[in-house]
Amino acid sequence: QVQLVESGGGSVQAGDSLRISCKASGYIYCMGWFRQSPGKQREGVAAIGGDGSTTYADSVKGRYTVSRDNAGTTLYLQMNNLTPEDTAQYYCAADASCGSWVAPDRHKYTSYWGQGTQVTVSS
C-alpha cells in the first residue's frame, strides 16, 4: 500500500499565505488535495496528473497552486490570500486518474489517503 504523509499546516491570518506538502511512499499518477471542515462535506480542492495537468475547485482558482516535484512523489499546495472559509483539515490523496476530482462525492472513490493537516485562518 502507498502511504501519504502531509505537513505544513498551521494557523495564519486572513490574507496570509501557506504551503502544505505531501510525501508519497510510491508513485501514483494523480495526486491532489481534499479538505473538510466541521459540518461540511469533504470536497476536492486541487489535483495534478503525471502529465502536469491541473484541476481546481472554483472556490480556490486564482489563489491556490498545486504542484509536484520532478519525481512525482512530493505534492505541494501553495495557498495565497487565505480567508476564514479556507479553514479545514486538508487531506492529501492519490488515485490512478484525476478525473472529476472536484465533483461531489469524488472522495468516496479515491484510492489513497493521508491523515490530514489542519489549516486555520483567522480574520
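In what order do the elements of the protein run from the N terminus on? They run β-β-β-β-β-β-β-β-β-β-β, and the secondary structure comes to 0 helices and 11 strands, where helices (H or I, at least four residues) and strands (E, at least two) are DSSP runs numbered from the N terminus. The model is a predicted one, in which local features need pLDDT of at least 70 and side-chain atom pairs count only at pLDDT 80 or more, while totals for chains, interfaces and linings use all residues. Residues are numbered from 1 along each chain as its sequence is written, and side-chain values use heavy atoms, with hydrogens and water left out.

The overall dimensions were computed from the C-alpha trace, which spans about 40 × 30 × 25 Å along its principal axes. For 123 residues, a compact globule would have a radius of gyration near 14 Å, and the 13 Å of the protein agrees with this; the radius is taken over C-alpha atoms, and the globule rule is 2.2 Å times the number of residues to the power 0.38. The protein exposes about 6100 Å², of which carbon and sulfur atoms supply 45%, as calculated by the Shrake-Rupley method with a 1.4 Å probe. Among contacts (heavy atoms within 4.5 Å) with a separation of 6 or more, 59% are accounted for by residues 24 or more positions apart.

An open sheet is formed by 4 strands in the order 1-3-8-7, with antiparallel pairing, two strands being paired if DSSP finds at least two bridges between them. Its edge strands, each of which pairs on one side only, are strand 1 (4-7) and strand 7 (64-68). From one strand to the next the twist averages 15°, the axes being lines fitted to C-alpha atoms and the angles running from 0 to 180 degrees between N-to-C directions. Strand 7 is joined to strand 8 (residues 74-79) by 5 bridges, and the two run antiparallel; Ser-67 has Tyr-76 in strand 8 as its bridge partner.

A search of the whole structure finds 2 disulfides, defined as pairs of cysteine sulfur atoms within 2.5 Å, and with bonded cysteines counted along the chain they follow the pattern 1-3, 2-4. One of them joins Cys-22 to Cys-92, with an S to S distance of 2.0 Å. Cys-22 lies in strand 3 (residues 18-24) and Cys-92 in strand 9 (residues 88-95), so this pair ties together parts that are 70 residues apart in sequence. The link is left-handed, with -75° about the S-S bond, and both Cys-22 and Cys-92 are buried.

A disulfide also joins Cys-30 to Cys-98, with an S to S distance of 1.9 Å. This pair links distant parts of the chain, 68 residues apart, with Cys-30 in strand 4 (residues 30-36) and Cys-98 in the loop between strand 9 and strand 10 (112-113). The torsion about the S-S bond of Cys-30 and Cys-98 is about 105°, so the disulfide is right-handed. Cys-30 is buried, and Cys-98, at 14% relative accessibility, also counts as buried. Leaving aside its neighbours within four places in sequence, Cys-98 is in contact with Cys-30, Ala-47, Ile-48, Gly-49 and Arg-106. Gly-50 lies 48 residues from Cys-98 in sequence, and the two are 9.4 Å apart in space, C-alpha to C-alpha.

Technical notes. Buried < 20%, exposed > 50% of the residue type's maximum accessible area, 1.4 Å probe, protein only.
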